[in-house]
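Biologist: I am new to this structure and would like to learn how to read it. Could we take a few features one by one?

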Amino acid sequence: EALTLLEPLVAQSPENLDYHGLHGMALALTGDNGGAEAEARWCEETDRPNRGGVNKICRASILSHLGREEEATDLVRQALQEGLSFWGLSDYFVLNRLWGYEPFERLISPKG
């Protein structure tokens, strides 16, 4: 059902990072790893200035759904270094696949 809803949104707003990220996750969840990888590459190539790492979070979300936790965690780290706040990170519930992955939990744990 999600693909049926997302595909027209991606077509109507082809530059929308969030739509591509969600579409990539839906593809991964349905087993279309090639399609999910294509969306992850699109997010990587769409590195717009002043987006505060959002493209990396979208890509991390897709990769986490493909079981690539280490790469996804590294992208979250990069996004935080590029200015995405921890509060902004909380908007991306789609990273829930990384809960339980110790390097991710260490990254987001309170420091100090």
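Biologist: Which backbone oxygen does the side chain of N55 reach?

Modeller: Note to begin with that this is a predicted model. For such a contact, look at which atoms meet and how far apart they are. Here the side chain of N55 reaches the backbone oxygen of C43, at a distance of 3.3 Å. N55 lies in helix α4, while C43 has its place in helix α3.

Biologist: Is N55 buried or exposed?

Modeller: To answer that, compare the relative accessible area with the cut-off: under 20% counts as buried. N55 has 3%, so N55 is buried. C43 is at 0% and therefore counts as buried too.

Biologist: What else is C43 in contact with, leaving aside its neighbours within four places in sequence?

Modeller: The partners of C43 are H20, G21, N55, C58, R59 and I62. A separate way to relate two residues is the C-alpha to C-alpha distance.

Biologist: How many residues does α4 have, and how far does it reach?

Modeller: One checks the span of a helix against the value expected from its number of residues. α4 has 12 residues and spans 17 Å from its first C-alpha to its last, close to the 16 Å expected at 1.5 Å a residue. After α4 comes G67, which has a positive phi near 80°.

Biologist: How many of the residues of α4 are buried?

Modeller: The count is 12 of 12, and α4 is described as mostly covered. For the protein chain as a whole, buried residues make up 43% of the 112 residues.

Biologist: How should I read a nonpolar core, and which residues have the most contacts inside the largest one?

Modeller: The largest core here has 26 residues, and I62, V76 and L95 have the most contacts inside it. Helices α2 (17-29), α3 (33-45), α4 (54-65), α5 (69-81) and α7 (102-108) each supply at least two residues of this core. α4 gives the most, with six residues.

Biologist: Which residues is I62 in contact with, again leaving aside its neighbours within four places in sequence?

Modeller: I62 is in contact with H20, G21, G24, M25, A36, E39, A40 and C43.

Biologist: How many salt bridges does the structure hold?

Modeller: The structure holds six. For each one, read the N to O distance, then where the two residues lie. One of them joins the side chains of R59 and E44, at 3.8 Å from N to O. R59 is in helix α4 and E44 in helix α3, so this pair ties together parts that are 15 residues apart in sequence. R59 counts as buried, at 16% relative accessibility, whereas E44 is partly exposed, at 44%.

Biologist: Where do R106 and E102 lie?

Modeller: Both are in helix α7, four residues apart, which is about one turn of the helix. The general idea is that an α-helix has 3.6 residues a turn, so residues three or four places apart point the same way. R106 and E102 form a salt bridge with their closest N and O atoms 3.0 Å apart. R106 is partly exposed, with a relative accessible area of 49%, and E102 is exposed, with 53%.

Note on methods
Residues are numbered from 1 along each chain as its sequence is written. This is a predicted model: local features need pLDDT of at least 70, side-chain atom pairs count only at pLDDT 80 or more; totals for chains, interfaces and linings use all residues. Side-chain values use heavy atoms; hydrogens and water are left out. A nonpolar core is a set of buried Ala, Val, Leu, Ile, Met, Phe, Trp, Tyr and Cys residues joined through side-chain atoms within 4.5 Å. Buried means under 20% relative accessible area, exposed over 50%, partly exposed in between (1.4 Å probe, protein chains only). Contact means heavy atoms within 4.5 Å. A salt bridge is a side-chain nitrogen of Lys or Arg within 4 Å of a carboxyl oxygen of Asp or Glu. A polar contact is a pair of N or O atoms within 3.5 Å; within protein, one must be able to donate a hydrogen and the other to accept it, and residues adjacent in sequence count only if both atoms are side-chain atoms. The expected span of a helix is 1.5 Å times one less than its number of residues.
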